[in-house]
Amino acid sequence: MLIEIIKNTPVWVWILLAYLVRRGITSLKPREVSVRRLLIIPMIFFIWGVYEIITTLTLTSLTLTLVIGSFTLGVLGLLFVNRRFINQAKYNPDTMMVILPGQPISLLLILFAFISHYVFSVFVAVDPQIVKSASFVVIFCVLSGFSIGAFWGNTLRNLHVAITARKSIV
C-alpha cells in the first residue's frame with residue numbers, strides 16, 4: 001500500500017518537497033536574506049493549508065474556530081520560542097537584509113508541516129469519508145492551523161528585528 005501511495009503522489013508534491021528540504025538545509029547555515037525571501041515558505045504553507053482546509057472540510061464555526069485558535073497558538077508559541085531559545089536574527093542596514101543565524105527550526109517546521117499535510121491528504125485520498133469523522137476534523141484543523149501559525153510566528157519575529165532596526169536608523 002505504501003508503494004501505491006508513493007506512486008500515486010503527484011510529481012509536483014515531490015518537487016515541492018525537494019525545494020522545501022533544500023530551503024530547510026540552507027537555513028542550517030547563517031545567511032542574509034531579503035524580507036521578501038523571508039516570506040516565501042510561510043506563504044507556501046499558508047496557501048497550501050488554506051486550500052486544503054477549504055477543499056477538504058465543510059467550513060463550520062467549529063472548524064474555523066479550531067483553525068484560527070491553533071494558528072494563533074502556533075504564532076504565539078513560535079514568537080516565544082524564537083525570542084527565548086533561538087539565536088536572534090539581526091539586520092544589516094547597508095544591504096537592507098536580515099541576517100539569520102544557522103538554526104534547525106526552519107527545517108523542523110518544514111518537515112512537520114509537509115509531513116502532516118501529506119499524511120492528511122493521503123488519508124482523504126484513501127478514505128474520502130474520513131472527513132466526516134469528528135476526530136479527524138479536529139486533528140486536521142489543529143495541526144494545519146498550528147503548523148501555518150508556527151511558520152508565521154518564526155517569520156514575524158525575524159521581521160520584527162528588521163523593522164525595529166530600520167526604525168532606529170531613521
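1. The chain has 7 helices and 3 strands, where helices (H or I, at least four residues) and strands (E, at least two) are DSSP runs numbered from the N terminus. Read from the N terminus on, the order of elements is α-α-β-α-α-α-β-β-α-α.

2. On provenance, this is a predicted model, in which local features need pLDDT of at least 70 and side-chain atom pairs count only at pLDDT 80 or more, while totals for chains, interfaces and linings use all residues. Residues are numbered from 1 along each chain as its sequence is written, and side-chain values use heavy atoms, with hydrogens and water left out.

3. Taken along the principal axes, the C-alpha atoms of the chain fill a box of roughly 55 × 35 × 25 Å. Of the 170 residues, 41% are buried, a class that means under 20% relative accessible area, with exposed over 50% and partly exposed in between (1.4 Å probe, protein chains only). The accessible surface comes to about 9,900 Å², 72% of it belonging to carbon and sulfur atoms; the areas come from the Shrake-Rupley method with a 1.4 Å probe, and for residues only the protein chains shown count as cover.

4. Among contacts (heavy atoms within 4.5 Å) between residues at least 6 apart in sequence, 81% join residues at least 24 apart.

5. The UniProt record, an unreviewed entry, places the feature "transmembrane region" at residues 34-51, 57-81, 105-124 and 130-152; its positions are in the numbering used here, feature names are shortened, and annotations may be inferred rather than shown by experiment. In the model, residues 57-81 are 84% helix and 0% strand, with their end C-alpha atoms 31 Å apart, and residues 130-152 are 83% helix and 0% strand, with their end C-alpha atoms 29 Å apart.

6. A search of the whole structure finds 9 aromatic pairs, counted when ring centres of Phe, Tyr and Trp (its six-membered ring) lie within 6.5 Å, with planes under 30 degrees apart taken as stacked, over 60 as edge-to-face and the rest as tilted. The rings of tryptophan 12 and tryptophan 48 have centres 6.5 Å apart and planes at 70°, so this pair is edge-to-face. Because tryptophan 12 lies in helix α2 (residues 11-26) and tryptophan 48 in helix α4 (residues 40-56), the pair ties together parts that are 36 residues apart in sequence.

7. Tryptophan 12 counts as partly exposed at 49% relative accessibility, whereas tryptophan 48 is buried, with a relative accessible area of 12%. Tryptophan 48 also pairs with phenylalanine 114, the ring centres being 5.6 Å apart and the planes at 55°, so the pair is tilted. With phenylalanine 114 in helix α6 (residues 105-126) and tryptophan 48 in helix α4, this pair ties together parts that are 66 residues apart in sequence. One aromatic cluster is formed by Trp12, Trp14, Phe45, Trp48, Phe114, Tyr118 and Phe151.

8. Which residues does threonine 63 touch, not counting residues up to four places away in sequence? They are Leu57, Thr58, Val137 and Cys141. Threonine 63 sits in helix α5 (residues 61-85) and is buried at 4% relative accessibility, and its C-alpha atom is separated by 6.4 Å from that of cysteine 141, 78 residues apart along the chain.

9. Asparagine 92 lies in strand β2 (residues 90-92) and is buried, with a relative accessible area of 16%. Not counting residues up to four places away in sequence, asparagine 92 touches Glu32, Met97 and Ile99.
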